[in-house]
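Thanks for asking me to look this one over.

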Amino acid sequence: MANVLNQFLVFHDAIKLDDENEILVEKREIILKKLKEKISPSAPGYSHFVQGSYAMSTGVKPIDGREYDIDVGLLFNMSTEDHKPVEAKKWVFEALYGHTDSVEMKNPCITVTYKNQPPFHVDITVYAANNPDGHVYLAKGRPNSTPEKKFWELSDPQKLTKLVKDWFTDPDDRAQFRRVVRYMKRWKDEHFPDGGHAAPTGIGLTVSAMEYMEPNFLTDKFTNKRTYNDLAALKNLIKKMLGAFMPVIGNDGKAVERLMVYKPTPPYEDLFEKMTDSQMTTFKAKLESLLKALEEAEAEVDPVEACEILKKQFGNDFPVPLKEDTAQWKRAAIVTGSASA
């Protein structure tokens with residue numbers, strides 16, 4: 001079995017989105033300053049926080065010129081009875097409108113897009129944070145939405161961020177968890193280029209890892225030092241995900257297998273529910289192809305061949321060692337094997 005941990009670690013460094021990416025931090029602060037200056041005097045006070053994969057330390061760099069993104073939450077000092085959800089979102093939209101060529105009110109957020117290079121956008125969500133029941137509610141809807149799509153939705157974004165960021169007590173286990181999540185996210189970007197509901201969501205893959213991943217390492221009995229095996233951890237995760245697909249009756253009345261993974265915080269929704277039955281079938285097939293590739297790479301003796309297999313799944317950022325470097329490794333292995341025979 002080839003040892004490809006170093007290649008996985010190099011790959012992780014290449015795809016990792018730093019928690020304090022300078023461009024994203026700069027634009028976030030500009031937007032918050034603009035919002036403070038321009039927001040309606042009728043809006044109550046608010047505080048802000050960073051959310052999403054950037055805050056969870058599971059972000060990956062986009063590929064193929066796709067947009068970077070950062071998520072910002074605004075906690076308004078109000079209850080859901082004080083203001084309607086779209087009214088509250090308008091405070092933010094109107095304050096930021098014209099800041100760039102594209103400021104759009106979407107169902108769950110206001111999106112400010114920067115089309116310079118690299119392209120990126122900031123998603124801003126609005127919450128009512130001072131409610132009699134002690135809960136936080138997310139503003140949903142657009143001005144032209146039907147009445148039933150304009151509502152306050154129970155939410156707890158900060159708890160979700162903390163759960164993901166602190167997953168696993170041991171810091172080394174936690175680090176492997178974050179690496180594996182990032183591998184999955186880059187795999188998703190490579191194999192679901194159209195995005196949208198056809199692709200599994202990043203938070204869906206993250207919570208899947210929370211649900212099904214176990215740290216994988218060997219411990220030296222003399223030094224008590226751990227050597228982590230990211231390939232095995234990822235392979236075992238995919239196996240468990242595939243094993244969790246359950247038969248359900250689809251929209252056409254026929255049986256279909258679906259993976260259902262629920263957010264561990266309100267509103268506790270199935271994070272893959274927006275995928276159609278056909279999209280879910282494609283997702284399962286691509287997971288099966290990933291598992292086959294991981295098993296082939298794990299069984300491969302030559303690190304070059306193993307990494308070539310993995311590169312097809314994870315893209316050009318996955319490194320392949322030079323033949324001459326692995327030739328030295330093979331010779332060392334042969335000598336060791338002869339001496340111990």
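1. **Ground rules.** This is a predicted model, in which local features need pLDDT of at least 70, side-chain atom pairs count only at pLDDT 80 or more, and totals for chains, interfaces and linings use all residues. Residues are numbered from 1 along each chain as its sequence is written, and side-chain values use heavy atoms, with hydrogens and water left out.

2. **Confidence.** The average pLDDT of the chain (the predictor's confidence in each residue, from 0 to 100) is 91, and 94% of the residues score at least 70. Please treat one stretch with care: residues 331–341 have a pLDDT below 50, and beyond near neighbours in sequence they make zero contacts in the model. Contact here means heavy atoms within 4.5 Å.

3. **The largest core.** A nonpolar core is a set of buried Ala, Val, Leu, Ile, Met, Phe, Trp, Tyr and Cys residues joined through side-chain atoms within 4.5 Å. Buried means under 20% relative accessible area, exposed over 50%, and partly exposed in between (1.4 Å probe, protein chains only). The largest such core has 51 residues, and Met184, Leu237, Ile238, Met241, Phe283 and Phe314 are those with the most contacts inside it. Several helices each supply at least two of its residues, including helix 1 (5–15), helix 6 (171–191) and helix 10 (303–314). Helix 9 gives the largest share, eight residues. Helices (H or I, at least four residues) and strands (E, at least two) are DSSP runs, numbered from the N terminus.

4. **Aromatic rings around Phe8.** The whole structure holds 19 aromatic pairs. Rings of Phe, Tyr and Trp (its six-membered ring) pair if their centres lie within 6.5 Å; planes under 30 degrees apart count as stacked, over 60 as edge-to-face and the rest as tilted. Phe8 and Phe318 make an edge-to-face pair, 5.1 Å centre to centre with 85 degrees between the planes. Phe8 lies in helix 1 and Phe318 in the loop between helix 10 and helix 11 (323–340), so this pair ties together parts that are 310 residues apart in sequence. Phe8 is buried at 0% relative accessibility, and Phe318 is buried at 1%. Phe8, Phe11, Tyr183, Phe314 and Phe318 form one aromatic cluster.

5. **Phe192 and its partners.** Phe192 pairs edge-to-face with Phe283, at 6.2 Å centre to centre and 70 degrees between the planes. Both residues are buried. Lys286 lies over the face of Phe192, 4.4 Å from the ring centre. A charge sits over a ring if NZ of Lys or CZ of Arg is within 6 Å of the ring centre and within 35 degrees of the ring normal.

6. **Strand 5.** Is strand 5 enclosed or open? Nine of the nine residues of strand 5 (residues 120–128) are buried, so it is largely enclosed by the rest of the structure. Phe120, Val122, Ile124, Val126 and Ala128 point one way, and His121, Asp123, Thr125 and Tyr127 the other.

7. **Neighbours of strand 5.** Two strands pair if DSSP finds at least two bridges between them. Strand 2 (residues 68–76) pairs with strand 5 in the parallel sense over nine bridges, and Asp71 stands opposite Asp123. Strand 4 (residues 110–114) runs antiparallel to strand 5, joined by five bridges.
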